[in-house]
Amino acid sequence: MHTGNKPYKLAIALWIALLSLAPATVYGQIRIPDEARIDETAVREVIANGEQLERQGRWGEALTFYEDALRLHGFDSSVQRKANLARLHYDVGRRYTDQSFVRSVDTMSRDDALRLYDEVLRKVQASYVDSPRWSDISREGVKQLDVALKEDVFNNKNLKDVDRNRIDQVRHMLNENVNWQNVSSPQQAVETANYAAELMWQNLGVKPTATILEFACGTAASLDPYTSFLTQDQLTEVYSQIEGNFVGLGVELKADDGNLLIVHAIDGSPAHQAGIRSGDRIVAVDGHLCEVISTDKAADMLKGPIGSSVRVTVVSPNQPARDMMVRRDRVEVPSVDNIHIIDNESKVGYLKITSFQKNTPADLSQAMWKLHRDGMRALVIDLRGNPGGLLTAAVDMVDLFVEQGTIVSTRGRNAREDFDYTAHMPGTWRVPLVVLIDSNSASASEIFAGAIRDHRRGTVVGQRSYGKGSVQGIFPLATAGTGLRLTTAKFFSPSGRAISRNGVTPDVNVRVAAKPEIGELKAAVDQAASQADPVMDAGLVAARQLLGVPGLSTRTQDQR
C-alpha cells in the first residue's frame with residue numbers, strides 16, 4: 001500500500017489523512033537561493049527561542065517552531081539539527097503515551113523484539129529508496145536510546161528509583177562501548193542492538209525489549225523525514241485514515257502555548273455537536289490541565305472506545321472556560337468538502353479536498369456532478385493545507401481532468417517501484433480548472449497540482465508547495481501488530497521534474513504577506529488566521545479569465 005504523506009508536524013491531528021512526519025536530516029548539497037538565506041543573528045534567535053521550549057520539556061512545540069523556521073527561511077543546518085533532535089525527544093514521549101507500545105514493552109520477549117528489529121532491517125534492505133548504510137543505522141539506534149535515557153517518560157517506565165548519575169554513567173558506557181562504526185550488515189546491526197540491550201540490563205535493569213525497540217524506532221526515524229516505526233495503535237489509525245473514518249471526537253488539534261488548539265472540528269462530529277469550534281482551546285482533559293500533563297498526554301486522553309465519554313474544559317475566544325462531556329463516536333472524515341457555486345454570475349464552482357483517501361476519487365466525481373447540475377462553467381479546487389494521502393487516489397483524480405499522457409512517475413532502488421501512471425480518455429471533465437495550493441500542500445496534493453500544471457490543463461494559483469516528493473509503503477510486521485512506514489520511491493511530475501524540495505510553482509504566485517522575521521513566526525501565523533483570502537480572490541479571477549470574463553491579468557499579485 002503506497003501512501004504520500006505530509007511531513008511530520010507537532011499538529012496532534014486525530015483525523016488527518018496520514019500520520020505526519022517531520023523533516024529530519026537534509027541529505028546532499030542543496031542550493032539555497034539568496035532570498036532564502038538566513039543571517040547568523042536570525043539563526044541564533046530561533047535556536048535560543050527553541051531551546052527555551054526544550055528546557056520546559058515542550059519538545060513538540062520546539063519541533064514545530066524549528067520546522068516553521070526552516071519552511072519560511074530555508075535549510076539552515078544548525079536549525080535542522082535542532083529539529084532532528086527535537087523530533088527524537090518528541091517521539092519518545094509519543095511512544096510512551098501510546099498504550100499499545102507500552103503493552104509491547106511489557107509483553108514482548110527479548111527474542112521477539114530481536115526478530116522485530118531484524119524484520120525492520122530486512123524491509124529496509126529490500127525496499128528502501130536508497131541503499132542503507134548499516135553503520136549509520138546502528139549509530140542512530142544508539143542515539144535514539146541515549147535520547148530516551150534523558151526522558152522522564154522512558155525512565156519512569158523502565159528505570160524507577162535509579163540514580164540520575166548512574167544513568168549518565170551508563171549513557172557514557174553506551175557511547176564508548178557500542179561499536180556501531182564497524183556494522184556492515186543487518187545481522188551485525190541486530191547483534192549491536194542486542195549488545196546494547198545486555199549492557200542496559202546488566203547495569204540499569206532495563207528490560208531488553210525496551211532497548212531493542214528504541215533501536216527499531218531510531219532506525220526508522222533516521223532514514224528520512226517520512227519513514228517511521230508504527231505501533232499497533234498507529235498502524236490501525238493509518239488504515240482508518242486511509243478508509244476515511246475513525247473513532248474519536250472529530251477534531252484536528254495542534255499544541256499551542258501548553259494547550260490544545262482546535263484547528264478544525266468536523267461538521268456533525270461529536271465535538272461539533274457539543275459546540276466546539278475552530279479556534280477554541282482545550283485547556284484540561286478529565287480535570288487534568290494540559291500544561292501540567294503535557295499536550296501529548298492530553299491528546300491521547302481524548303482517545304478511547306466508541307460510546308465512552310471524556311470531560312474537556314474548553315475556552316473560546318473572549319469567553320470564559322466551560323466544561324463539557326463529549327461522547328466518542330465513529331467519525332466519517334469528508335475528503336471533499338464545502339461544495340458550492342462560489343460565483344453565481346459566472347457560475348464558478350468550488351470544492352476543497354482535505355486529504356487523498358481511498359474514497360476521495362469517487363467523492364470528487366460525485367461533487368463534480370452536483371456542481372454540473374448547479375450550472376458550473378468553471379471549477380476551483382482548493383488543495384491548501386492538504387497533507388496528501390494515497391498516491392493512487394491522486395492519480396485517479398487527475399485522470400478525471402487529463403485525457404492522456406503521464407500523470408506521475410515513480411522511481412525507486414527496487415525496480416518494482418518504477419512505474420509510469422498514465423491518464424485514460426473516458427470520463428474526462430473538460431471544465432476550465434483552477435487549483436489553489438500553498439506551502440502546506442504536500443505529496444499527493446503536489447502530484448495533482450503538478451500534473452494539472454505540466455499538462456496545461458488548468459491554472460495553479462497560490463504559493464509554492466511543500467516539496468515532499470517521495471512515496472511511502474505501509475508494511476505490517478509479524479510481531480505485536482506493529483508496522484513500518486517506509487519510503488520506497490521518489491515521484492516526478494509529467495515533465496520529469498522532481499517534486500522533492502522543489503515543490504510545484506504556481507502559474508499565479510500570490511504573496512500573502514512580506515516574509516516575517518524568525519522571531520515573529522507565531523505572530524505571523526496568528527495574523528494569517530485573521531486575514532482575508534487573497535489566494536481565493538486570485539483563483540476566482542483566474543477562473544473568470546478562463547471563461548473569458550474581463551478581470552485582473554497580472555502573473556504575480558502582491559498582497560502586503
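Figure 1. The chain holds 19 helices and 22 strands; helices (H or I, at least four residues) and strands (E, at least two) are DSSP runs, numbered from the N terminus. This is a predicted model, in which local features need pLDDT of at least 70 and side-chain atom pairs count only at pLDDT 80 or more, while totals for chains, interfaces and linings use all residues. Residues are numbered from 1 along each chain as its sequence is written, and side-chain values use heavy atoms, with hydrogens and water left out. Among contacts in the chain with a separation of 6 or more, 72% come from residues 24 or more positions apart; contact means heavy atoms within 4.5 Å.

**Figure 2. Helix α3 packing with helix α10.** Two packed helices are described by the angle between their axes and the distance between the axes. Here, α3 (residues 77-96) and α10 (residues 208-223) pack at about 130°, with axes 12 Å apart. That angle makes α3 oblique to α10. Axes are lines fitted to C-alpha atoms, for helices over the stretch in contact, and angles run from 0 to 180 degrees between N-to-C directions; under 35 degrees counts as roughly parallel, over 145 as roughly antiparallel, 65 to 115 as roughly perpendicular and the rest as oblique. To find the contact, look for Arg87, Leu88, Val92, Arg95 and Tyr96 in α3, which meet Ala210, Glu214, Cys217 and Ala221 in α10. These contact residues divide into 6 nonpolar, no polar and 3 charged; Ala, Val, Leu, Ile, Met, Phe, Trp, Tyr, Cys and Pro count as nonpolar, Asp, Glu, Lys and Arg as charged, and the others, Gly among them, as polar.

Figure 3. Strand β15 (residues 405-411) pairs with β16 (residues 419-423) in the antiparallel sense over 5 bridges; strands pair if DSSP finds at least two bridges between them. Within this pairing, Thr406 stands opposite Thr422 in β16. Strand β15 is also joined by 3 bridges to β20 (residues 483-492), and the two run antiparallel. There, Ser409 stands opposite Phe492 in β20.

Figure 4. Leu486 counts as buried because its relative accessibility is 0%. Leaving aside neighbours within four places in sequence, the contacts of Leu486 include Lys123, Tyr128, Leu223 and Phe475. The C-alpha atoms of Leu486 and Ile474 are separated by 6.6 Å, with the two residues 12 apart along the chain.

Key. Buried < 20%, exposed > 50% of the residue type's maximum accessible area, 1.4 Å probe, protein only.
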